[in-house]
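Open the model and keep the sequence beside it.

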Amino acid sequence: MDIIHLLPDSVANQIAAGEVIQRPASCLKELVENSLDAGATRIQVLVRDAGRTLIQVIDDGKGMSETDARLAFERHATSKIREAQDLFTLRTMGFRGEALASICAVSQVEMTTRRQEDETGTLLEIHGSDVIRQEPCACPVGTNIKVSSLFFNVPVRRKFLKSDQTELRNLLTEFYHIVLVYPKVSFTFVHNDEILLELPSGTEKQRIEAVFGNPKRNAYTSAFVEVKTETELVSVRGFVVKPEAATKKAEQYFFVNGRYMRHPYFLKAVQTAYSGMLPNDYQPSFFIYFDIPPESIDVNIHPTKTEIKFADEQTVFQILMAAVREALGKFSLSPTIDFDTRGSIDIPMPQNHSVSRPQVTVDPDYNPFRTRGTVYPDKAPKGWESLYGGGETRNDVIRETRNDVIPSSFHDEASLQTELGIGQERPVWQYGGKYILVPEVNGLLLIHQHRAHAFLLRALYMEQLEHTQGAMQQLLFPEVLTLPQDEMVLAEQLLPDLRAIGFDLEQLSPDSYSVQGVPAQLGTRSPIPVLQQIFHQVRERGADTQAGWREQIADSLAESTAIPSGRTLSEAEMRDIVTRLLALPQYRITADGKTIVSLLSDEEIAKRF
Ligand code: ADP
Ligand code: MG
C-alpha cells in the first residue's frame, strides 16, 4: 500500500503559519506591510486584548479586484514577484505570497476591499482556510482586514502567547520598526479603544519625535545630531544621541533599504564611535538608515529574520563608525573628542568610498603582509591592495577594528606563524587566569578565554544539532529534571533537539524527566542546571522557531561547558583555542555584542614608554 500522500492545503497552510505567524505581532507586521505595498497613505491599526481577540488593519491603498481578493489567500499567491530572480532585486516588503494564506489558516478573517475603478467592493470571510462568505459589498477604496481569534485552532500556539502586556509590547515594537521607515504615511494604533499612537505624515525627525518624544517637553530630537554620509557602496543617514543626553536604556534602530534590521556588529561600530564619551553602563540611542544596492545584501528570505548579511560588512563598519564620529565631532559635543590622538590610525580604509575622516598619522610603509623586513607576496590574497587603495593613501582606518580589516585568510595559523617569523611554535601566554595573549603582526591580541571558548563551542553545538551528531555519555545514576508547568509544554518541541545533542531524557511524571545520558562535553557537571537554563531561556526569550531554540540550546550548553575564567590553561589548550578562533570569519564579538578579541597595537604599547 502506498503511504505517501499530499497534505491538504489547510494543513500545509497551518504548518507554514507556524513559520510566518508566530504571534500577534508577526500578523500585524504582515498586514501593515501589505498595506504599505498597496501604496496606502493612511493606515489604522485596531487591536483588542493584545491581538488575541482582534487585529484589524484599515488602509486606503489600491485595494483588490473580486478575483484577487480570493486569490490573495492562496498559498504562494503574490502580485509581487513572478520569477525567482526577482528575489534579488526586490524592494517591496512582502514577496513570498504566504502571509495571508498563513493568517487565514489559523484565525477567522473578514476582509472588505475595493479598487478605485470598481463601483462595488468585495467582502470575504474565511475561517481556518475555509471560505465562509464571498459577496459584493459597499465599502471605501482600500482594504479593511479583521483577523479575529488568532490561533483558535492551534492550542499549542495559543499556549505560547505571553501576558497581554508582553504581547502588546511585541506589537508596538513591530509597529515602531515599520512606522520609523514610513514617515510620510500616517498611522494610528488603537488598543482596546484607547489611542496609543497617532502619527501624522511628516519627516523622519518628526516621526521619531512623535513615537518616542515626550509631547510635553517636545525635546526628544533636540537631543540628537544628524549623521549623513554618501559613498559609492552605501549611504548612511540618521540621528545619534548627543553623549550628554544618553541614558542607560537606549533606543537603537538600524534600517536597511526601508526595513528594520538587527546587527550586533554595526552596533559595535556605533558604540566604538562613542568610546570614552559615555559613562560605563550607558548606551547610545540612535536611528540609522542605510541605503545600499539590494544586490550587496542578502535578501531577507526568511520572513521573520531581522538579521541581514552585508557583502562588505567590514567596510560598512568603517564607514558607519567614521560617520558617527564625524557627527559627534562636528557638533563639538564633547571636548574629549580629539581626533588627532584618538584616531591615530593604522589600517587603510578603502579609498573609493569618499568618507570624510579624522586626520591621522601615517606609517607610509605599513604593509600587513610584511614582518621582519620580508615580504611574502604569495601569502597575500590576490588583489588585496586594491581593497585598501594604494601607497600613501593607506592611512586612515580606525585602530580599534584593525583586525577586522585584515583579510581573513591572513589569519590562518600557518601564514600567521610565517608572518611572525616564529616557525612552528607561536608563543601564547595566559594572563590573570582570564585572558590569552598572543603576538599579532602589529601588536598583541588579548583574548577573553571564557568567551572565546564559549563562542567556539556554540558553533560546534549548532553544527551538531544540525547533523544530529552530539556524542552522548550514559549516566550511571540518572538524575531527575523537574520543570514548572509552563516550561513542561516546551518539552515536546525541544526534545528532538536535546536528544540530537546528546541528552537522553525519559518522561517520569507530568512534570519531570529522568536524565539518563548527557552530551559528552558536559563531563562530570550536573546536567540539571544546564537543562533548566535551556528551558528557562527558551520560555523567556520566546524562541518559537527551531532555529531560535537551537540557538538557545547551543548558547546555554556553550556557556556552561566553556572553560571558566580563572582556570589555568596549558599551552596546548591555549594554542588550540587561538588557532580555531582566528580561523573563523567572525570572531571579534559574541552574538550579543561582547568583545572576545581586542588588539593592543604596537603604537599603543610604544606610547607607554
Ligand atoms: P505577499 O505580500 O508576499 O505578496 P500576502 O499573502 O501578504 O503575500 O498577500 C498576497 C497578495 O494579496 C499581495 O501580493 C497583494 O496583491 C494582495 N494584498 C494583500 N494585502 C493587500 C492590501 N492591504 N491591499 C491590496 N492588496 C493586498
Ligand atoms: Mg505580504
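## Helices α2 and α6

Start with a meeting of two helices. On the α2 side, the residues in contact are Pro-24, Ala-25, Leu-28, Lys-29, Val-32, Glu-33 and Leu-36. On the α6 side, they are Glu-167, Asn-170, Leu-171, Glu-174, Phe-175 and Ile-178. Sorted by class, the contact of α2 with α6 has 8 nonpolar residues, 1 polar residue and 4 charged ones. The model shown here is a predicted one.

Now look at the geometry. Helix α6 covers residues 164–179, and its axis comes within 8 Å of the axis of α2. The two axes cross at roughly 25°. Angles under 35 degrees count as roughly parallel, so α2 and α6 are roughly parallel to each other. The crossing of α2 with α6 is right-handed.

## Ser-26 in helix α2

Stay with α2, which spans residues 24–37 and contains Ser-26. Is Ser-26 buried or exposed? Its relative accessible area is 10%. Buried means under 20%, so Ser-26 is buried.

What does Ser-26 touch, apart from residues up to four places away in sequence? It touches Val-20 and Ile-21.

## Helices α15 and α16

Move along the chain to a second pair. Helix α15 runs over residues 485–500, and helix α16 over residues 527–541. Their axes come within 10 Å and cross at roughly 110°. Angles of 65 to 115 degrees count as roughly perpendicular, so that is the label for α15 and α16. The crossing of α15 and α16 is right-handed.

Which residues meet here? From α15 come Asp-486, Glu-487, Leu-490, Ala-491, Leu-494 and Leu-498. From α16 come Leu-531, Gln-532, Ile-534, Phe-535, His-536, Val-538 and Arg-539. By class, the contact of α15 with α16 has 8 nonpolar, 2 polar and 3 charged residues.

## Two residues of α15

Take Glu-487 in helix α15. It counts as buried because its relative accessibility is 5%. Set aside its neighbours within four places in sequence, and Glu-487 is in contact with Gln-532, Phe-535, His-536 and Arg-539. Consider Phe-535 among them: it is 48 residues from Glu-487 in sequence, yet the two C-alpha atoms are 6.1 Å apart in space.

Arg-499 is also found in helix α15. Its relative accessibility is 43%, so Arg-499 counts as partly exposed. Along the chain, Arg-499 and Met-472 are 27 residues apart. Their C-alpha atoms are separated by 8.9 Å.

## Arg-550 in helix α17

Helix α17 covers residues 546–561 and holds Arg-550. Is this arginine, Arg-550, buried or exposed? With a relative accessible area of 14%, Arg-550 is buried.

Now check its partners. Leaving out neighbours within four places in sequence, Arg-550 is in contact with Met-462, Leu-465, Glu-466 and Asp-497.

## Two loop residues with positive phi

Next, turn to the backbone of two loops. Asp-49 is in the loop between β1 (42–48) and β2 (54–59). Its phi is positive, about 50°, although Asp-49 is not a glycine. At 30% relative accessibility, Asp-49 counts as partly exposed.

Asn-257 sits in the loop between β11 (252–256) and β12 (259–261). Its phi is near 45°, again a positive value in a residue other than glycine. The relative accessible area of Asn-257 is 17%, so Asn-257 is buried.

## The whole chain

Finally, step back. How many helices and strands does the chain have? There are 19 helices and 22 strands. The chain has 609 residues, and buried residues make up 52% of them.

Contacts also reach along the sequence. Take the contacts in the chain with a separation of 6 or more: residues 24 or more positions apart account for 69% of them. The pair Glu-487 and Phe-535, 48 residues apart in sequence, is one place to look for this in the model.

Methods: Residues numbered from 1 in each chain as written. Chains lettered and ligands numbered in written order. Predicted model: local features only at pLDDT ≥ 70, side-chain atom pairs only at ≥ 80, totals over all residues. Heavy atoms only, no water. Helix = DSSP H or I, 4+ residues; strand = E, 2+ residues; numbered from the N terminus. Buried < 20%, exposed > 50% of the residue type's maximum accessible area, 1.4 Å probe, protein only. Contact = heavy atoms within 4.5 Å. Axes fitted to C-alpha atoms, helices over the stretch in contact; angles between N-to-C directions. Parallel < 35°, antiparallel > 145°, perpendicular 65-115°, else oblique. Left-handed = near helix turned anticlockwise from the far one by under 90°. Nonpolar A, V, L, I, M, F, W, Y, C, P; charged D, E, K, R; others polar.
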